[in-house]
Amino acid sequence: MEDDEELEIYAESLRSRESRDLASEQSRYYSRLKTLGEEEQINPEGSEDMERVLEEQALLRRKIGALEEEIGRRKKNDAWPW
């Protein structure tokens, strides 16, 4: 439940941010997700580290989804500069 509220606040904050900030944040999140995927391969299943990695991956995926939704909205409205 806490993650849902955090994500909703995050998604709302995206509307007031510059497009270039959205693109750079999206890139950072994809890089972090890739790093976590590598960590997932290292940590044994059931370990506390593995649980942390999986939780962070889930939150990152949801944030990336919110970013992509906002970028898509701006493209649809011809407000995306690229």
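Reader: Let's start with Tyr10 and Tyr29: are they buried or exposed?

Author: Both Tyr10 and Tyr29 are buried. Buried means under 20% relative accessible area, exposed over 50%, and partly exposed in between, with a 1.4 Å probe and protein chains only. Keep in mind that this is a predicted model, where local features need pLDDT of at least 70, side-chain atom pairs count only at pLDDT 80 or more, and totals for chains, interfaces and linings use all residues. Residues are numbered from 1 along each chain as its sequence is written, and side-chain values use heavy atoms, with hydrogens and water left out.

Reader: How many aromatic pairs does the structure hold, and how do I read one?

Author: A pair of aromatic rings is described by the distance of the centres and the angle of the planes. Rings of Phe, Tyr and Trp (its six-membered ring) pair if their centres lie within 6.5 Å; planes under 30 degrees apart count as stacked, over 60 as edge-to-face and the rest as tilted. Here there is 1 aromatic pair. The ring centres of Tyr10 and Tyr29 are 6.3 Å apart and the planes stand at 50°, so this pair is tilted. Tyr10 sits in helix α1 and Tyr29 in helix α2, so the pair ties together parts that are 19 residues apart in sequence. Helices here are DSSP runs (H or I, at least four residues), numbered from the N terminus.

Reader: Now the helices. At what angle do α1 and α3 cross?

Author: Two packed helices are described by the angle between their axes and the distance between the axes. Axes are lines fitted to C-alpha atoms, for helices over the stretch in contact, and angles run from 0 to 180 degrees between N-to-C directions. For α1 (residues 2–14) and α3 (residues 48–76), the axes cross at roughly 30° and come within 10 Å. That makes α1 roughly parallel to α3 (angles under 35 degrees count as roughly parallel, over 145 as roughly antiparallel, 65 to 115 as roughly perpendicular and the rest as oblique).

Reader: And which way does α2 run against α3, parallel or antiparallel?

Author: The axes of α2 (residues 19–42) and α3 come within 9 Å and cross at roughly 155°. That makes α2 roughly antiparallel to α3.

Reader: What is the phi of Asp78?

Author: Phi of Asp78 is near 55°, a positive value in a residue other than glycine. You'll find Asp78 in the segment after α3. Asp78 is exposed, with a relative accessible area of 71%.

Methods. Helix = DSSP H or I, 4+ residues; strand = E, 2+ residues; numbered from the N terminus.
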